[in-house]
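Thanks for taking a look at this one with me.

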Amino acid sequence: MQRQWHNAVMAVAVCIIASGCAGISGGVTAGLEDVDDTIELTEVPFFPQVTDQCGPAALATILNASGVGADPEALKSRIYIPGREGSLQLELLAATRAYDRLAYSIDPDLQALVAELRAGRPVLVLQNLGIGLAPVWHYAVVVGYLPEDRRFVLRSGDQRRYLIDARRFVRTWHRAENWGVVALRPDELPAQPDAQRYLRSVAALESVGATSAARSGYRAAVEQWPLNGLAWLGLGNASYAEGDLDIARLAYQAMLDLEPGNLIALNNIAQVKAEQGCIREARDAIDQAFSILAPGDPMHQHLQQTRREIEARPLADTRACRVAL
């Protein structure tokens with residue numbers, strides 16, 4: 001099944017040495033009123049950001065924090081665009097998936113940001129340190145919040161522990177559309193999970209061939225949202241790709257229990273049953289799909305192909321039909 005997802009507005013970020021940034025006053029800090037305890041992820045690694053290469057350094061920071069031994073120099077060839085002297089958000093997300101990590105975009109607010117910090121995850125953010133028509137894009141990693149001083153702690157520029165006033169941070173973050181991302185292990189959920197956004201992240205990982213990692217993500221999804229049919233369908237597809245027909249069949253059946261008329265699930269479970277030697281059951285599933293198929297439905301071609309493949313198989317002895325447990 002083809003899946004589509006959307007990403008944030010693309011922006012090229014250049015690196016700014018944190019100590020040289022001009023101050024910006026004002027800003028709204030809604031979401032911090034109830035934060036009265038210090039949060040700081042002191043173990044998060046630090047990679048000094050050299051000119052124009054804050055993207056590789058920031059991405060290496062969150063990847064290492066998630067358990068991946070990624071080096072900024074290795075990432076540079078993946079995400080740094082010399083002609084633009086920076087990195088695009090799309091490149092950062094794609095590089096995250098290359099290391100079998102889910103690139104999950106958090107909600108664009110301070111509550112989501114602080115929730116990830118409380119969960120022990122640093123957040124890669126995009127800031128616009130410029131003014132008006134002269135944007136200055138910069139990637140940094142938020143690793144803490146100090147309520148007494150109302151400051152955030154960042155890995156930024158050449159400073160391991162850059163303290164920035166919360167109002168100023170909000171202004172610079174807001175100018176970059178509050179874009180923030182965390183690197184999740186395949187079986188890990190964000191602090192404030194959104195089903196649709198999480199499944200898009202897993203599908204994006206699956207699209208680059210990381211089916212084993214994606215399967216773990218879909219497992220986490222069905223545990224979190226057992227009534228989400230797309231999560232079950234994704235688990236079925238990833239399990240089928242991994243050769244686990246039993247789990248694929250169970251997942252497709254779970255999808256059909258939720259949506260009995262789902263043509264994709266009927267087609268896929270018919271295919272699995274046929275490969276398990278359950279030819280009669282496969283024919284019943286494909287016949288059911290055709291009985292509810294609307295005229296002109298684009299699924300007709302796929303269902304017809306599956307039917308031909310099933311009919312080409314000999315009726316097996318019922319003892320040869322392997323049923324998923």
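Is Asn178 buried or exposed? Keep that in mind as you read; point 1 takes it up.

1. Asn178 is buried, with a relative accessible area of 14%; buried means under 20% relative accessible area, exposed over 50%, and partly exposed in between, with a 1.4 Å probe and protein chains only. You will find Asn178 in the loop between helix 5 (166–174) and strand 9 (180–184). Its phi is near 55°, a positive value in a residue other than glycine.

2. A word on what you are looking at: this is a predicted model, in which local features need pLDDT of at least 70 and side-chain atom pairs count only at pLDDT 80 or more, while totals for chains, interfaces and linings use all residues. Residues are numbered from 1 along each chain as its sequence is written, and side-chain values use heavy atoms, with hydrogens and water left out.

3. Arg150 sits in the loop between strand 6 (137–146) and strand 7 (151–156). It is partly exposed, with a relative accessible area of 37%. Helices (H or I, at least four residues) and strands (E, at least two) are DSSP runs, numbered from the N terminus.

4. Next, please turn to helix 1 (residues 54–65) and helix 2 (residues 72–79), whose axes come within 8 Å and cross at roughly 120°. Axes are lines fitted to C-alpha atoms, for helices over the stretch in contact, and angles run from 0 to 180 degrees between N-to-C directions. The two helices are therefore oblique to each other; angles under 35 degrees count as roughly parallel, over 145 as roughly antiparallel, 65 to 115 as roughly perpendicular and the rest as oblique.

5. Which residues of helix 1 and helix 2 meet? From helix 1 come Gly55, Pro56, Ala57, Leu59, Ala60 and Leu63, and from helix 2 Pro72, Leu75, Lys76 and Ile79, where contact means heavy atoms within 4.5 Å.

6. Finally, helix 10 (residues 263–275) and helix 12 (residues 299–311) have axes that come within 10 Å and cross at roughly 15°. Helix 10 and helix 12 are therefore roughly parallel to each other. On the helix 10 side, the contact is made by Leu263, Ile264, Asn267, Ala270, Gln271 and Ala274, and on the helix 12 side by Met299, His302, Leu303, Thr306, Glu309 and Ile310.
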